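Biologist: I would like to learn how to read aromatic pairs in a model. Could we go through a case together?

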Amino acid sequence: MSTSEKTLTPRLVKKLWVAFISIIFLMGASYVFITGYFANKYNQATAQRVNSNIANHIIEEKFQNASPFLEDGSVNKPLFGDLMHDMMAVNRSIEVYLLDDKGGILYSVVLDHSDDAPAKKVSLAPIQSFIADKGANYILGDNPRNANTKTIFSAAAFDQNGRKGYMYIILAGKEFQLVSDNLLGQYFIKLGIGTTLLTMLFALLVGLSSIWFLTKNLRLITGIVRRFQEGDLNARIKNPEKSDIEVFANSFNDMADTIVGNIDQMKSVDTLRRELIANVSHDLRTPLAVLKGYVETLQMKKDSLSESEKEEYLDITHSNIDKLSKLINQLFEYSKLEAEQVTPVKEPFSITELSYDLIAKFKVIAAQKNISLALDKGEENSMVFADVSLVERALQNLIENAIKYTQSDGSVTLSITRKGKNIEINITDTGSGIPKNEQPFIFDRFKQVNKNSKKQGSGLGLAIVKKIMDLHGTTITVLSKPKEGSSFVFNLPVAL
């Protein structure tokens with residue numbers, strides 16, 4: 001057995017074998033039954049056709065010289081005795097019956113010598129049809145010795161001395177039935193044995209060829225699946241549209257592509273998380289080290305430090321606590337967005353008023369660095385339909401990021417422009433800009449650019465902005481050149 005055949009499940013092969021053998025044996029049994037049934041009917045029809053005129057011959061030959069009735073009106077039994085003697089010399093299975101014109105049985109030699117309870121009457125309909133057709137068609141009539149069966153016969157009408165009736169001759173009597181049943185049983189046995197042997201041979205040939213043909217593509221696909229399972233992630237089913245099981249082949253290829261994509265994504269996520277851990281560890285370590293140093297200094301030199309020095313140390317400690325708190329809040333916020341636990345509650349609000357509030361909030365921070373922070377084109381009140389708290393968070397991160405990377409005497413400008421059914425929000429700074437090779441990754445989760453900058457952070461601010469834009473079904477883009485500043489642009493729908 002080849003390697004590809006070994007990959008096919010034995011259970012499926014067994015089921016196919018059982019199905020094929022069952023079908024073949026059922027066909028064989030049906031063939032035996034149908035063949036035997038029609039062969040028996042053929043023999044009976046042949047016997048009836050050959051002996052169809054025997055009743056007429058008896059009437060023409062016997063009743064011309066002697067009447068079937070005596071002078072007292074009784075049946076001429078000696079005549080029928082001689083008749084049966086002559087008939088049985090030719091065919092022992094023949095039974096002769098004398099019927100009246102109503103179908104009643106007047107006499108039969110076999111009934112005088114039989115222990116069977118004879119019928120008193122037979123149906124005339126088959127007899128009349130037989131006479132009308134002159135025995136040309138296959139017709140079964142009543143069997144006086146067995147009311148539950150029908151048999152082949154010959155019949156003819158007579159009219160003797162004003163008495164009418166029928167000569168009714170059973171061509172396959174009781175003895176014939178016994179012999180016929182015995183021979184038929186033997187025939188069925190022989191036919192059954194022969195058919196069984198042929199069936200087994202036929203089933204073997206058909207089963208092997210059919211199972212091989214039907215499972216050819218399945219064996220191939222199973223082999224590909226095994227290769228994929230063993231680590232060959234490039235294993236694919238070629239030309240699936242030409243396969244007998246195209247749907248399964250396409251489904252496997254799609255599944256394999258999805259799995260490989262998920263694996264690559266997981267590897268990417270794992271790499272990014274390691275970077276995040278490294279960045280967060282650094283960001284946590286620095287303020288913690290500063291906190292520890294200044295707290296230890298306050299503890300050891302509390303008596304020798306002046307009040308101004310103590311105040312300075314406490315301010316530095318407070319500043320680093322704020323950094324820690326902000327970092328922790330960012331981590332918590334991003335984890336909620338990443339886990340899709342945040343559902344935007346959209347409503348109409350003024351993006352212009354929100355922008356003025358944020359500029360007022362960051363005005364002091366910008367002034368400390370001598371940075372100009374302003375809202376451009378803020379005369380018109382622009383209404384948008386979005387989640388006000390999430391949009392506020394996104395703008396806050398963008399403004400804070402712009403101030404962070406803008407040098408002294410620089411500027412940060414927020415502009416609002418109506419464009420069709422959307423409002424375009426643009427945050428532009430005159431900072432250091434973003435290198436072109438890093439711009440495609442600026443919004444990646446856990447990704448930090450400008451790693452050589454002294455103003456490094458966890459890299460979560462813009463990732464949070466990207467997630468917020470995704471929740472609103474919009475995109476954010478960056479336009480930047482090194483040493484020329486950066487612009488972050490996104491659109492929100494106009495509130496109708």
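Modeller: This model is predicted. Start with F130, which is buried, at a relative accessible area of 2%. F153 is also counted as buried, because its relative accessibility is 0% and the cut-off is under 20%.

Biologist: What describes a pair of aromatic rings?

Modeller: A pair is described by the distance of the ring centres and the angle of the planes. The structure holds five aromatic pairs. In one of them, F130 and F153 have ring centres 5.0 Å apart and planes at 50°, so the pair is tilted. This pair links distant parts of the chain, with F130 in helix α6 (residues 124–133) and F153 in strand β4 (residues 150–160), 23 residues apart.

Biologist: Which aromatic pair do F153 and Y168 form: stacked, edge-to-face or tilted?

Modeller: The pair of F153 and Y168 is tilted, with 5.3 Å centre to centre and 45° between the planes. Here strand β4, with F153, is linked to strand β5 (residues 163–170), with Y168, and the two residues are 15 apart in the chain. Y168 counts as buried at 1% relative accessibility.

Biologist: Which residues form one aromatic cluster?

Modeller: The cluster is made up of Y97, F130, F153 and Y168.

Biologist: Is E347 buried, exposed or partly exposed?

Modeller: E347 is partly exposed, because its relative accessible area is 37%. E347 belongs to strand β6 (residues 347–350). Leaving aside residues up to four places away in sequence, E347 touches V384, F385, A386 and V388.

How values were computed. Residues numbered from 1 in each chain as written. Predicted model: local features only at pLDDT ≥ 70, side-chain atom pairs only at ≥ 80, totals over all residues. Heavy atoms only, no water. Helix = DSSP H or I, 4+ residues; strand = E, 2+ residues; numbered from the N terminus. Buried < 20%, exposed > 50% of the residue type's maximum accessible area, 1.4 Å probe, protein only. Contact = heavy atoms within 4.5 Å. Phe/Tyr/Trp six-rings, centres within 6.5 Å; stacked < 30°, edge-to-face > 60°.
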